[in-house]
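Here is a short briefing on one protein chain. Look over the sequence and the coordinates first, then read the points below.

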Amino acid sequence: MGVQRPLGAAINPATMVTELMEIADYTAHVRDEIAALRANELTHDRIPMAHEELGNVLAATAGATNSIMEAAESMLALPDGPGYRDAVESGIGTIFEACAFQDITGQRIGKVVAALQQFEVRLARFSSAVRARDAAGQDPAEAERNERAQRLLLNGPQPNGPATAQDDIDALFA
């Protein structure tokens, strides 16, 4: 921005006006950039959605792991037969080893959730401090991404949301 002057140097009014206009333009540009961040949307919509989705991944992963382990344990309880038990035990060992992924992914996803929570708090504090207002309308690229996501949505398991009951789905195949 403007030219640096030594302290106490005479200030030309035209230069002062020019510098003040540069500062005003810069400030307006910064405000526009802050609005383009859509900090309030991030704080109120995006980041909480990410928390929820990661939490759902954790819950689904834990549930799947428990189901696999329960099935494996029931297989171990099967009666002995020629060679059958050895084959089952070998497969069960592999299943148990594979289930170790849940602990590792759970730890990593937990770290991501904590980082997102910290980011959310800092972003909210920044938005509040600068009295940020989101830009009007929706970014065209963001709108296209949202529309595509809705088109491709498979509507899998619904955590606490509208879902087709399993009995209704089973009735379709009866």
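Predicted model: local features only at pLDDT ≥ 70, side-chain atom pairs only at ≥ 80, totals over all residues.

The protein chain has six helices and zero strands.

**Overall fold**
- Along the sequence, the pattern reads α-α-α-α-α-α.
- The protein chain has 174 residues, and 13% of them are buried.
- Take the contacts between residues at least 6 apart in sequence: 75% of them join residues at least 24 apart.

- Where does α2 bend, and by about how much? The bend is about 30° and sits at Arg46.

**Helix α2: buried residues**
- Which residues of α2 are buried? They are Ala39, Thr43, Ile47, His51, Leu54, Thr61, Thr65 and Ala72.
- An α-helix has 3.6 residues a turn, so residues three or four places apart point the same way.
- The cover over the buried residues of α2 includes α1 (13-37), α3 (84-98) and α4 (101-129).

**The cavity**
- How many cavities of 30 Å³ or more does a search of the whole structure find? The search finds one.
- The largest cavity has a volume of about 30 Å³.
- Its lining is made up of Met75, Leu78, Pro79, Tyr84, Arg85 and Val88.
- Helix α3 supplies the largest share of that lining, with three residues.
- By class, the lining holds five nonpolar residues, no polar ones and one charged.

**Asp86**
- Asp86 lies in helix α3.
- Is Asp86 buried or exposed? Its relative accessible area is 58%, over the 50% cut-off, so Asp86 is exposed.
- Asp86 and Leu76 are 10 residues apart along the chain, and their C-alpha atoms are separated by 10.0 Å.

**Recap**
- The chain is built on six helices and zero strands.

Terms used. Residues numbered from 1 in each chain as written. Heavy atoms only, no water. Bend = angle between axes of the 7 residues up to and from the residue. Helix = DSSP H or I, 4+ residues; strand = E, 2+ residues; numbered from the N terminus. Buried < 20%, exposed > 50% of the residue type's maximum accessible area, 1.4 Å probe, protein only. Contact = heavy atoms within 4.5 Å. 1 Å grid on protein atoms, 1.4 Å probe; cavity = no way out; pocket = protein on both sides within 12 Å on 5 of 7 lines; lining within 4 Å. Points joined across faces, edges and corners; volume = space filled by probe spheres on them. Nonpolar A, V, L, I, M, F, W, Y, C, P; charged D, E, K, R; others polar.
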